There are 2 protein chains.
Amino acid sequence: MRRPDFQLQADRRGEILAAASRCFVRTGFHRTSMQDICAEAGMSPGGLYRYFPSKEALIAGIAERDRAQLQAALQSLDQAPDFFSAFRAIGYQLLIERPIEEIGVWAEIISESRRSPQIAELYAACDRTCREQMVTALRHAASRGEVRTDLDFENVIQMMFSIGDGLCWRRIVDPTFDAARVFAMATDMIRNMLQPAGSLAGADPASVAMVPA
Amino acid sequence: MRRPDFQLQADRRGEILAAASRCFVRTGFHRTSMQDICAEAGMSPGGLYRYFPSKEALIAGIAERDRAQLQAALQSLDQAPDFFSAFRAIGYQLLIERPIEEIGVWAEIISESRRSPQIAELYAACDRTCREQMVTALRHAASRGEVRTDLDFENVIQMMFSIGDGLCWRRIVDPTFDAARVFAMATDMIRNMLQPAGSLAGADPASVAMVPA
């Protein structure tokens, strides 16, 4: 069955962004040329320019794609019946299962954002939206009694996101880093901080933080 | 009073490394030339090459300087009479008070380490040494009863360092990020995890995590 044209176009955009990501990660944003990306994506310059006229447009495309993915994940967190199970599952998907190329390209975006106000604004907008969604999800979980109500949620979320950023950073720089193990400890610690005092007894007995050394 | 020659040389090395850091942060490691660094340091190419023959040597010099600083800080942590007070003070100094240029240049080193095995090894060696020192400090604190003995310290330290990396990352990308506030919450959370159960009652009542929203 032939797919409609818009679907073909969306697939092609996705393939180009994946090819550009591989190039940026391998060679760096600045040393990658549009020709390199054409070769990686197996297409002509004319074809590529119809989709993305510049490297900046490609970075914007990658940021937009990842923002959509993050927003969908955080939306499902807000709709989940059990906040902490969903929080752990979504965090695992975004931080641990996510391919290293997708994380590596964010290191390039962040490096570049220090020199390009446009890229800095793309990053900031994505971060802002995600933090707002997380505040909403935490407020709803607090209203259901799953999360303490006496916390500064903005600060909690900045800390959670800092931990997530740090896990990604370590995955990039240290091939021996056991991200899944650190993730398990960090999520236990965050849950212990967020849960109302009475529910602490319900903490997972298999919690990594509690495993003897 | 005239300083001895070796002191003059050490000062000059420090000035060159600071000038190189500013260039790398402003323009990126690859787009910075040795000429740019000469201009920033106010010296001739001949003078610069006597100290550092290449950009790679400059990166190595920056990594070595920062490793020495980190090691001295972690040494003082191990010798402090009160682990948590010293942990907080040293963390504050290394993550919050540290100038953004010194942190930004590490983003360049990390970005570059993905493409240069030599730079990756410099980073890994620095990280390994610091983790070993932290394990020692935690073991000593545990033997004094300040820290639980039933924890996997390697994993705890990987998590602490992930949080530190994440704080640095956010300081780089978000000028509005309140690093001191997130640092206070993170150190409270880490102390709550590390302290033996009986000493939890002694937690700082002014703890940021406990401040109502």
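Is B:Glu64 buried, partly exposed or exposed, and what is its relative accessibility? With a relative accessibility of 42%, B:Glu64 counts as partly exposed, because that class lies between the 20% limit for buried and the 50% limit for exposed residues. The structure considered here is a predicted model.

B:Glu64 pairs with B:Arg67 through a salt bridge, with an N to O distance of 3.2 Å. Both residues belong to helix α4 of chain B, which spans residues 55-79. They are three residues apart, about one turn of the helix. B:Arg67 has a relative accessibility of 23% and therefore also counts as partly exposed, since the limit for buried is under 20%.

In chain A, a salt bridge joins A:Asp66 to A:Arg98, and their closest N and O atoms are 3.3 Å apart. This pair connects distant parts of the chain, 32 residues apart. A:Asp66 is located in helix α4 (residues 55-79) of chain A, whereas A:Arg98 occupies the loop between α5 (83-97) and α6 (100-113). Both A:Asp66 and A:Arg98 are buried.

## Further salt bridges and a network

Side chains of opposite charge can pair when their charged atoms come close. Over all chains, the structure holds 36 salt bridges. One of them joins B:Arg144 and B:Glu146, with 2.7 Å between the closest N and O atoms. The two partners fall into separate accessibility classes: B:Arg144, at 39% relative accessibility, is partly exposed, while B:Glu146, at 17%, is buried.

A network of salt bridges links residues of chains A and B. Its members are A:Asp127, A:Arg131, A:Glu154 and A:Asp165, together with B:Arg170 and B:Asp174.

A:Thr32 lies in the loop between α1 (5-27) and α2 (34-41) of chain A. Its relative accessibility is 2%, so A:Thr32 counts as buried.

The side chain of A:Thr32 reaches two backbone oxygens: that of A:Gly28 at 2.7 Å and that of A:Cys23 at 3.3 Å. When residues up to four places away in sequence are not counted, A:Thr32 touches A:Cys23, A:Phe24, A:Thr27, A:Ile37 and A:Lys55.

Technical notes: Residues numbered from 1 in each chain as written. Chains lettered and ligands numbered in written order. Predicted model: local features only at pLDDT ≥ 70, side-chain atom pairs only at ≥ 80, totals over all residues. Heavy atoms only, no water. Salt bridge = Lys/Arg side-chain N within 4 Å of Asp/Glu carboxyl O. Helix = DSSP H or I, 4+ residues; strand = E, 2+ residues; numbered from the N terminus. Buried < 20%, exposed > 50% of the residue type's maximum accessible area, 1.4 Å probe, protein only. Polar contact = N/O pair within 3.5 Å; in protein donor to acceptor, adjacent residues only side chain to side chain. Contact = heavy atoms within 4.5 Å.
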